[in-house]
Amino acid sequence: MEYNNKHIENIIFDLGGVLTGLDSQRCIDAFKKIGAHDIAFYVEEHRTEDLFLGTELGYMTQAEFCNEARRLAKCTASDDEVIWAWNELLTGIADEKKQRLLELRRNHRLFLLSNTNIMHWEKCKNDFFPYRGYGTDDYFEHTFLSYEMHLVKPSAEIFAEVLHLSGIKAEETLFVDDTKENCVAAEQQGISTLLETSGHDWLAILK
């Protein structure tokens, strides 16, 4: 669906690959460093359904995740070490992006919709989003997080829920995501989409 700026009042942003950078190799190296070589393999093979999906859906606590990671990897890494290694996937949010979010919010309603887990979200909220005294509440009217909603993209239900809870119209909304199937699912709900390919495309398009 073609993006027409004149009709867009609401913008929904994805988190990973759109706002925060992702580095799988750094995450793999971190898990190897703490002795969790089998978990490094999970990351390398993108086998999210076996371990990581439970945290994204909010059905596995942080402590349960760490215990399961130790069991699968047959290692003795501490909870802090496991969480550190998992968070090494995230590389941070450029100040330019945070500044642009603040500028966009002057004329748009902004929302965040992410398939994420409590560990990644706390890292982003506490370490990446703060900027000149601003934080997540200054950028977004509401943050929709999969582990709180018990829903994940690209399900139709998660987009319908966002529209309903936000009280926004699909035809007045743009969704920015770095995964094609997520964009297709949003379009099926009548939402315009912008497929992010570099992590910075939207900066040149949304002004």
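1. In this predicted model, the largest nonpolar core has 28 residues, and those that touch the most other members are Ile11, Phe13, Leu19, Phe129, Phe140, Val176 and Trp202. At least two residues of this core come from each of these elements: strand 1 (10–13), helix 6 (95–104), strand 4 (109–114), helix 7 (118–128), strand 6 (173–177) and helix 12 (201–205).

2. Phe140 deserves a separate entry. Leaving aside residues up to four places away in sequence, Phe140 touches Phe13, Leu19, Leu101, Arg105, Leu110, Phe111, Leu112 and Phe129.

3. Helix 2 (residues 37–44) and helix 4 (residues 62–73) have axes that come within 7 Å and cross at roughly 105°. Helix 2 is therefore roughly perpendicular to helix 4. Helix 2 contributes Asp38, Ile39 and Tyr42 to the contact, while helix 4 contributes Ala69, Leu72 and Ala73. Sorted by class, this contact has 5 nonpolar residues, 1 charged residue and no polar residues.

4. The cysteines remain to be considered. A disulfide is a covalent bond between the sulfur atoms of two cysteines. The structure holds 0 disulfides. For Cys27, the closest cysteine sulfur is that of Cys66, and the distance of 13 Å is too far for a bond. For Cys183, the closest cysteine sulfur belongs to Cys124, and at 19 Å this is also too far for a bond.

5. Are Cys27 and Cys183 buried or exposed? Cys27 is buried, with a relative accessible area of 0%. Cys183 also counts as buried, at 4% relative accessibility.

Conventions: Residues numbered from 1 in each chain as written. Predicted model: local features only at pLDDT ≥ 70, side-chain atom pairs only at ≥ 80, totals over all residues. Heavy atoms only, no water. Axes fitted to C-alpha atoms, helices over the stretch in contact; angles between N-to-C directions. Helix = DSSP H or I, 4+ residues; strand = E, 2+ residues; numbered from the N terminus. Parallel < 35°, antiparallel > 145°, perpendicular 65-115°, else oblique. Contact = heavy atoms within 4.5 Å. Nonpolar A, V, L, I, M, F, W, Y, C, P; charged D, E, K, R; others polar. Disulfide = S-S within 2.5 Å. Buried < 20%, exposed > 50% of the residue type's maximum accessible area, 1.4 Å probe, protein only. Core = buried A, V, L, I, M, F, W, Y, C linked by side-chain atoms within 4.5 Å.
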